[in-house]
Amino acid sequence: MNESVQTLSPGAKWSVQIQLRTVQSVRIRPKILFFYVCFYAALVGFFAAMLAVFWQTLDMHMPKYQLDSSLIGSNPGLGFRPTPPEYQNVESSLIWYKASDNGNVGIWTKLIDEFLEPYTVEEDNRVDCSFDNPPPEGKVCKVPMTNWSPCVKENQYNFKKKSPCIFLKLNKIYNWVPDMYNTSTNLPEKMPDDLKEHIRGEEARGNKNTNVVWVSCSGENPADNEHIGAIQYIPRRGFPGYFFPYKNVDGYLPPVVAVYFEKPK
């Protein structure tokens, strides 16, 4: 009895193998997809859980590390406005302008306008303060901008008259309370004589009037001092103590001192 044996050609064998591999790949792909979905879902869940734990350690109203235990420290920086525009040399803090050039003057006065704009907005949370009336709990002090002449917007902050006003402010540090020179008996030797005399005058009016973070402006060298000329500090020669400490209360604005250079050369 003859038996017939059928053999597959090489092409047919390859066709069968390709079909088998295709079937296997179709079966494997959903498993791979399912694995990656589960893997990334678990990864996202783990990250979300760790983030939730991290957020539980934070207080949105106060920093975890304060004053000397923080990177900022307990010595606030003294800032000034206006600062040179971004398109100028950012490495220089020099304020230079031509009083006869209205466009040039306008650049600097616009920067001051932008800086002082928040101080012109009324807030229900801001109250009038004084040395006898510090702000109550949950309230902050107003920064009155009246009686600041000639350092006012209508006068272009006196830039046009070649007697510009520069504005000073202390950077905010949470819970920082200044250590003030509030008596004439503990003044440092290196303090300028005119400031010492000013503090003695304020002390004569009452001890509360000396609860101020004092400021004094001078030139870097004797030639600078000669060209600076007379200086006025408006509304007072420093930052009143009732603005401190900063507690991140809504509406808080740091106090401002306008430095009026009467006749710089």
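# Reading cysteines, rings and pockets

Guide: We begin with a cysteine: Cys 38 is partly exposed, because its relative accessibility is 36%, and the class runs between buried (under 20% relative accessible area) and exposed (over 50%), with a 1.4 Å probe and protein chains only. Cys 217, at a relative accessible area of 25%, is likewise partly exposed. The model is predicted, so local features need pLDDT of at least 70 and side-chain atom pairs pLDDT 80 or more, while totals for chains, interfaces and linings use all residues. Residues are numbered from 1 along each chain as its sequence is written, and side-chain values use heavy atoms, without hydrogens and water.

Visitor: How many disulfides does a search of the whole structure find?

Guide: A disulfide is a covalent bond between the sulfur atoms of two cysteines. Here the search finds 2, the criterion being sulfur atoms within 2.5 Å. Cys 129 is joined to Cys 141 with an S to S distance of 2.1 Å. The torsion about this S-S bond is about -100 degrees, so the disulfide is left-handed. Cys 129 lies in the loop between β2 and β3 (140-141), and Cys 141 in strand β3, so the bond ties together parts 12 residues apart in sequence. Strands (E, at least two residues) and helices (H or I, at least four) are DSSP runs numbered from the N terminus. Cys 129 and Cys 141 are both buried.

Visitor: Where do Cys 151 and Cys 165 lie?

Guide: These two cysteines form a disulfide with their sulfur atoms 2.0 Å apart. A torsion of about -75 degrees about the S-S bond of Cys 151 and Cys 165 makes this disulfide left-handed. Cys 151 lies in the loop between β3 and β4, whereas Cys 165 is in strand β4, so the pair ties together parts 14 residues apart in sequence. Cys 151 is buried, with a relative accessible area of 3%, and Cys 165 is buried at 0%. Counting bonded cysteines along the chain, the disulfides follow the pattern 1-2, 3-4.

Visitor: How many aromatic pairs are found?

Guide: The whole structure holds 13 aromatic pairs; rings of Phe, Tyr and Trp (its six-membered ring) pair with centres within 6.5 Å, and planes under 30 degrees apart are stacked, over 60 edge-to-face, the rest tilted. Tyr 174 and Tyr 246 have ring centres 6.3 Å apart and planes at 80 degrees, so this pair is edge-to-face. Tyr 174 lies in the loop between β4 and α3 (193-205) and Tyr 246 in the loop between β7 and β8, so the pair ties together parts 72 residues apart in sequence. For Trp 176 and Phe 244, the centres are 5.4 Å apart and the planes at 85 degrees, so this pair is also edge-to-face. Both Trp 176 and Phe 244 are buried. Ring pairs also link Phe 35, Tyr 36, Phe 39 and Tyr 40 into a cluster.

Visitor: What volume does the largest pocket have?

Guide: Rolling a probe the size of a water molecule over the atoms shows where empty space is left. A pocket is an open set of points on a 1 Å grid over the protein atoms alone, where a 1.4 Å probe fits, with protein on both sides within 12 Å along at least five of seven lines; lining residues have an atom within 4 Å of a point. The largest pocket has a volume of about 830 Å³, the space filled by probe spheres set on points joined across faces, edges and corners. Its lining has 21 residues, with Leu 94, Ile 95, Ile 166, Ile 228 and Phe 261 nearest the centre.
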